[in-house]
Amino acid sequence: MAVDPRSPELAENDFVAMMNAVRMCVLLHDAETKRILWANPAACEMLEWDVAELRPLTASDMSSSAQQYDRVLGRAWLQVAAERGMNRVEWHYRSRSGRVIPTDALAVRVELAQGPAVMVQFRDIEREQEIERQLRLTTSWVDALAHHTSAIALMLDPSGEVRFATDSAVAVLGASAGEPLGRLTDRGRVRVDGRASTWDEVVRRADPVAPVRLEVPGAEPVWLEGSLERLKVVGGEALLMLLHDVSDRVQDEVRRERESRRENYLARYNAMGDMAMAIAHELGQPLAAAGNFLAGVRSGVADERLRYGLDSAVRQIERASTIVGSLRAFVGHLEHPSQVADLNDVVEECLYFVRLRADAAGVEVEFRRSPDVVPVRCERVLTGQVVLNLCFNAVDEMAECPPDRTVVIGTGVEGGEGVLTVDDRGRGFPRDPFEESFTAKEHGSGIGLALSYRIITRQHGRIWAERRAGGGSRFGFALPLDAPR
């Protein structure tokens, strides 16, 4: 006889065979007395009793001894299923050997030929619970790593996109909590072997691990150092970057390098002082003689053009003699300069030589003279040499940068100081030129700015360089104004 008209191929005994074969454990209880009527082989195997042994057992015989698995509670949850049709709980059975087995148990009311029953389907969830405990533990570790450690750790995909970062890493990269970090190279500059590198190059080197350094730009750059390691993960590869902050060490290295350059500069400066004294001593007489000879020749020359040339040569020799004399006094003494000069006049004296250089280079020179006197305490001739040096550098720069080839010189008074500025529209400079002891110009000695710095600072002034908002550079210096008596 067919049991289900929808499946005429199956007979009544087929359902018994399927119930015996299924791996889900099944116990059948009488709905009224709650005694066990039957158990499938899977339930017998788990509980270590056969059906005949199970039938007389009660909940206290085959459940955990813990209070929450008391016989009264066991009968109660079966009764709920008998009355409402279904009830689900976590029940801990106990096998013949004493093993306590946590299970997910589902009790369902079924109508049998002899009357209602409660069929309990259950499965061992001990391994699932252990996995869940391990997952919770792992989650707590990941949470601690992400939020409660000082470690700077990043997980990235092969393209350089940051997929995970500890809170410390987020803070160092200048991001806020919850903000997508995007590509690492958008946050900092990757360096390998002391030089800037591309992300692709760094990834190629990670085979499986490579040293790496990361520079995070800012008002005070942060330097991070560590490793990049290639990992196999589900779905492909990932990259783990572990870093630590080495900013203090890098700054110490920069400071030591600067001090080394400074020591080298001082040694060269002392040598220059000795040379300047020797040159000044030796050049005084030849320059005076050259001037006398030219003056004698001029007296016998009638040609105006030739006389103009001789006059210009005499003027240059006289200025050279004055510079040599001032240099001897300047190198030999450290006291505060006693001279007072109008900074406007100092610039006017230099304009002749600046325009000679500018005309040859096709550069315009504009002097924006202060309408008021700018009385500063300085060594007039050597201060003029600083003006010449700053202007010559600007002219040389503008000669390389057409079409707006104009150098602007300005004077003024600001905050108790006389100020001179020289503006150009050139290429600017990559770093502070006064941090270098000697500049690296393609032509010339490269000591002009170093000497200018020394001349101005020894006169209790200050000298600087800055980038102009509209492009180009501004060099300037300030000297103390003469205090009124």
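H29 has V118 as its bridge partner in β5. This is a predicted model, in which local features need pLDDT of at least 70, side-chain atom pairs count only at pLDDT 80 or more, and totals for chains, interfaces and linings use all residues. Residues are numbered from 1 along each chain as its sequence is written, and side-chain values use heavy atoms, without hydrogens or water.

Strand β1 (residues 25–30) pairs antiparallel with β5 (residues 115–124) over six bridges. Pairing requires at least two DSSP bridges between two strands. Helices (H or I, at least four residues) and strands (E, at least two) are DSSP runs, numbered from the N terminus.

Strand β4 (residues 100–112) is joined to β5 by 10 bridges, also antiparallel. A105 has F122 as its partner in β5. Two residues lie between β4 and β5 in their hairpin.

## The seven-stranded sheet

An open, antiparallel sheet runs β7-β6-β12-β11-β10-β8-β9. β7 (162–165) and β9 (195–196) are the edges; each has a single partner strand, so one side of each lacks a neighbour in the sheet.

Within it, β8 (residues 189–192) and β10 (residues 209–216) pair antiparallel over three bridges. V190 stands opposite L214 in β10.

## Helices α12 and α13

Helix α12 (residues 380–399) packs on α13 (residues 448–458) at about 145°, with axes 10 Å apart. Axes are lines fitted to C-alpha atoms, for helices over the stretch in contact; angles run from 0 to 180 degrees between N-to-C directions.

L382, V386, N389, L390 and N393 of α12 meet G448, L449, S452, I455 and I456 of α13. Contact means heavy atoms within 4.5 Å.
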